[in-house]
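Here are my notes on the model you sent. The points follow below the display.

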Amino acid sequence: MPHFTIPILADSGRNTPKEPPTDTFHLSDPPYQGQLPTDLSTYRRSASTGDTAIIIDNGSFSIRAGWQTEATPRLQFPPLMARYTDRKLNRKLMFIGSEIYFDGTARGQAKSIYEPGSNIVNNWDVQEGVLDYVWLKLGIDGQQGGVDRPVVMTEPLANTTYTRKVMSEILYELYNVPAVAYGVDSLFSYNYNGGTTGLVISSAHTSTHLIPVVDKQPLLSHATRLDWGRAQCVEFLTRLLKVKYPGLITSSKVTDTQIEDLVRNHCYVSQDYREETLRMLEWAGLEDRDQLVQLPFQEKEIIQKTEEELKMAEERRREGGRRLQEQAAKMRLDKLIKKEQETEYLKDVLIRVQEAPTKKAARELLDEEEFKDEAALDRKIKEMEKTIRKQRNKDVGDLEEESKEVPAYPLLSTPDDELDEDGIRAKKAQRLLKANHDARARAKAEKEAEKERQAEVQRQDDAYRERDFESWVNDRRAERQTVVQRIRDRDRLKADLGNRKSQASQMRMKHIANLASDNPNGKKRRRGNADDDGFGADDADWGIYREIQAGRNDDDEEDEEEDLGAQLKGLETLLLRFDPQFTEQSTQEAQRDWTKSLYHAFARGPYAFDQESAKESAQFHLNVERIRVPEVIFQPSIAGVDQAGLVELVESIMMERLSGHAQRDAMLKDVFVTGGYAMFQGFEERLVTELRAVLPLEAAVKVRRARIPVLDAWRGAAGWAGTEESRGKFVSRGEWMEKGGEYLREHNLGNVFT
Amino acid sequence: MAPITSASNEETHAALLNQLDMQSIPKPFRNPNWKPPQRRNKNLKQILSEASRAQQSIINTQQNSGATTPAVGDGTTGPASLNPNPAQGSQDLSRLVLDKNNTNLQATQLAPPTAVTGGGLGAPSVTYTSIQAPPSLKPKQKYCDITGLPSKYTDPKTGLQYYNAEIYQIVRGLGTAQVQEFLAIRGANTVLK
C-alpha cells in the first residue's frame, strides 16, 4: 500500500506527492575494461601465405580491429591515448584506449584521434599510438621489418585527400605495410547485410550519412551528411543539464563518459514528439516517465550537542550575565557613595555660608564652589538628594518609597507681578513641569481610550457576525479580495519600475526631471511666485522622494502603515475559523502549491523537494530530456544545427534529386539503417512513420536495421577482404611510391578520388 | 596518480601501471629511419581551407593554360588529367580571369553532375564540404527553452521561448548569463567578437 504523506482530500485540486522512487540510477564508473589480451596464434598461422588482412574500423567512437578470418573484431577500444611523464616515477608513460581509465591522471591527459564532433583524423600521434597498440595485440613481431600483412581501413565518406595521404604515409613508410585498401564503413555494413539497391542511412557517433545505392554502386554525388551523432547528443544533454541544475554538473563531478552512459540508458526516440512532450510532465504517471539520477553527495554534519553540553553552555552564559550585572551594580554603588559624599560636602558649605559672618565671606565661599547664590546651592543640594534617594531605592532598596504625591504647583496661580525674579523663574520651571506631567497623563488616557475602542469594535464585529453571518462572511471575503488585489498591484508596480519603457518608469522620470529643473511649474510662472515655488512647505511634497525611489525593497513595505501581508494573514485566519467554505486550499499559501507547479514537475519530478537535504540537492531528473536529445536528428533546429532533418534529407534525395531515377522505388523498399544512433529504441518505427508521411502513397517504404549496427562495418570489411576481386583494389607499396601519396583505387564500397 | 577504483591500492595500482604501460614495450615493426613531418596535425578547418585553395588554383591553371582542350558538356577525361599537384597551379588568385573561371565553375556545378567521378574542368563532385546537408526548408517548430515542451510564446526582452505563464515568471527572473546559456543551446546567443 503506498503511503501518502498528505491526506487525500476529495475536492482538492492538489496533486498527491509521490513517495520517493524505488529505482534510482547512479552514474557509471569509468569504462575500464582491463587489459586487452595479446594473441599470437592467427599471426603465426597466417605466416605461410602472408595474405590474411588486418581489418581496422577506424571509428570516432571506437577502433575495431582484428583479422579478416575472425567473426568479430578482437579489439574494440576508444581512440584515445595518454602519453605523459609521471612526476613521481620520473619516466614516460603511454596508455591506449580503455586502459587509460584505470588512472585519473592518465584519463586527464587523454587525447583523441579525432577532434570533438568531427570524423576526420586530426591527431596523428595518437593514431600512431593506436596502430602500435593494434599491431602489438595482434601479435605482429616485426621480424620481417614492419607489419607484413595487408591492411583494410575504413574512412569517412568523402574523406579529404590530405588525411588519406598522411594515413597512407604512416602505413607504408612507418609500418611498411605491403598493401592497403580504404573503404566507407556504412557501405561495408550494407554489403554485409546483403544490400544491392537501397538507401543507406548510417547514423554514427559524429555524423549521419545518407547514401543511395543502385545495384551495389553508390551514387556518391547524391550522398549527404548531417552533422549530428551520438557525440553531439552527449554534448547537448550536458548543456541541458547545466542550465536545468546550475552548479550541479561541473566537469569535475560528471565526466563525458558518464553522460554518454546516461544517454545510452535513458534516452529513446519518441514516435510523436509534440504529443509526447505535452503529456510528459503531466502529474499522472509522472513517476514512470521521470528517472532520477543520484550523484554522489556528502551529508551535512549537524553537530548534535548533548544535553550536558547545552546545559553547560546555558550556565556559562548566565554566569557571564551575572558577573556583568555585579560589576555594574558595584560601579553604581561607588558613584552613589561619591555623590553622597559630595552632598555632604555641599551641605557643609551651605552651613558655613549661612553661618558666615559677613556677606563677603559668604560670597567668597559660594564663588569657590561656583554657585551663584545660596538659593542655587540649596537647589543643587536638593537635586542631588533626590537622585541619591532614587538610586538608593533602585539599587539598595533600603529607603522607603517616596509617596507619589500629586506635585503641587503653587506658584502658577500667583500672577507675575507679585513675584520677584527668582519667583518668575521658579514659576516657569513649575509650568514646564506641569506641562510634562499633564502630557504624560494625557498619553496614558489616550492609550486606555484606544484599547476601549478596539474592544468595542471587536464586540461590534462579533455581534454583527452572530446576527448576520452571511453578510459578515461576504464582507470578509470582499476585504480579502481587495488585499490580494493590492498585493498584486504592488508587485506589478515594482516590476514595472524595473522595465524602462513602462508607464510607471516614465512617470518617475518625469518627476525626477521636474525636481531637477529650474522651472518646475512649466514655462509660465504662476503669478505672485517670483522665485519660491513653495516646495516643501506642505508635507505631502516630500512624498515625492518616496515615489521616485526606484529600488524599493520589501523592508519598506513592512514599516509602512499597511502591511498587506499581515493583513491578508489576519483575514484568512478569521475566515478559516468561521467560514465553512474557506479551506486550506483557498488560502494564498496553497495557491503557490508545488504539486501544481509545472517547473517543479520538470526539475524535481513528482516528489517533494527539501532544500536543505544534501542528498536531494545532488539529484537530477530526466524526463523531457529523454526524448528531446535523440529528437535532434529529426529536427536539428532544436539544438541550433542549421541543417535539414533526417526525414527532410531523405525526401530531398528521393523526391527531388532522384525523382526520375528508374530505381527510385526499389531504393525506397530497402532503407537500411546502421550505426550507433540506430540503437536508440524506437528509431526505426519513427523513421517508417515519418517517411510514409512525406513519400508518395505508392512507394512502399521498408526500413530495416543492420544486424549489429556497431559491428557490421567491421564485419563487412572483413567479408569484403575475403573476396577475390577485393584484392585487386588494394594498393601495393610499390604502386603507392610510384603513383604518389594521393593515389586511390576506387571500388564500389569506397570513396571516389577527388 | 589517483587510483580510481576503490578496489585498488597503491601497490596493485603501481603494478597495473607497469603492466599497462606501452612506452617501454619494444615496437620492432616501426621503421626507425622515418620521421614524421612537422605540423601534420591539422584540424578540419585548416584541411578544408587548404583543399579549397588548391582547388581554385587548379581551376585557374586549367582555364589559362592550353594543357587541356576545354571540354564542352560532360567531362570525359578521367581523373588522371587533373593534376592534383597544387604546386604547379597558379598561385595568383587576383587575376581578372578568375571571374571568368568562377562563372564557368558555377555553371558546371549547378548542372546536375551525372558522372560519379569529377572530370575535366568542373570541380570534383564529391568533397567533404559538398556533401554537407543543406539548411532546412521546412518551418521550424518552436520549443520552450526552459522545459522543452512545444511553445507558442516568445519573451520580447530576451528572445526566449516559453510554454506558459508559470514558466514566464521564471524567464523574467533569469539573469543575463543564464539567458545566454539557454539561448546558446539553441544557437541563438549573441557572440561578441
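1. Strand E11 of chain A, residues 208-214, is mostly covered, with seven of its seven residues buried. This is a predicted model, and the remarks here apply to it as such. Both faces of E11(A) are covered: A:Thr208, A:Leu210, A:Pro212 and A:Val214 are buried on one side, and A:His209, A:Ile211 and A:Val213 are buried on the other.

2. Which strands pair with E11(A)? One is strand E10 of chain A (residues 198-203), which pairs with E11(A) in the antiparallel sense over six bridges. Within this pair, A:Ser202 has A:His209 as its bridge partner.

3. A:Val213 stands opposite A:Pro218 of E12(A). Two residues separate E11(A) and E12(A) in a hairpin, and A:Asp215 in that turn has a positive phi of about 50 degrees. That residue deserves a look in the viewer.

4. Elsewhere in chain A, three strands form an open antiparallel sheet in the order E6-E5-E7. Strands E6 (91-96) and E7 (110-112) of chain A are at the edges with a single partner strand each, so one side of each has no neighbour in the sheet. From one strand to the next, the twist averages 25 degrees. Strand E5 of chain A (residues 80-86) is joined to E6(A) by six bridges, and A:Met81 has A:Ile96 as its bridge partner in E6(A). Helix H3 of chain A (residues 124-137) lies across E5, E6 and E7 of chain A, at about 100 degrees to E5(A).

5. On the cysteines: the structure holds zero disulfides over all chains. For A:Cys233, the nearest cysteine sulfur belongs to A:Cys267 and is 7.2 Å away. A:Cys233 is buried, with a relative accessible area of 0%. B:Cys144 is in no disulfide either, and the nearest cysteine sulfur, again that of A:Cys267, is 18 Å away. B:Cys144 also counts as buried, at 0% relative accessibility.

6. For chain B, an unreviewed UniProt entry places the feature "domain: Vps72/YL1 C-terminal" at residues 142-171. The end C-alpha atoms of that span lie 16 Å apart, and the span is 23% helix and 13% strand. B:Ala188 is in the segment after helix H5 (176-186) of chain B. Is B:Ala188 buried or partly exposed? B:Ala188 counts as partly exposed, at 39% relative accessibility. B:Ala188 and B:Gly159 are 29 residues apart in sequence, with their C-alpha atoms 8.8 Å apart in space.

7. As to the overall layout, chain A has 29 helices and 18 strands, and 44% of its 754 residues count as buried. Of the contacts in chain A with a separation of 6 or more, 67% come from residues 24 or more positions apart. Chain A is divided into domains that include domain 3 (231-296 + 597-632) and domain 4 (307-444); the C-alpha centres of these two lie 77 Å apart.

Technical notes: Residues are numbered from 1 along each chain as its sequence is written. Chains are lettered from A and ligands numbered from 1 in the order in which they are written. This is a predicted model: local features need pLDDT of at least 70, side-chain atom pairs count only at pLDDT 80 or more; totals for chains, interfaces and linings use all residues. Side-chain values use heavy atoms; hydrogens and water are left out. Two strands pair if DSSP finds at least two bridges between them. Helices (H or I, at least four residues) and strands (E, at least two) are DSSP runs, numbered from the N terminus. Axes are lines fitted to C-alpha atoms, for helices over the stretch in contact, and angles run from 0 to 180 degrees between N-to-C directions. Contact means heavy atoms within 4.5 Å. UniProt positions are given in the numbering used here, feature names are shortened, and annotations may be inferred rather than shown by experiment. Buried means under 20% relative accessible area, exposed over 50%, partly exposed in between (1.4 Å probe, protein chains only). Domain bounds come from an automatic or database domain assignment. A disulfide is a pair of cysteine sulfur atoms within 2.5 Å.
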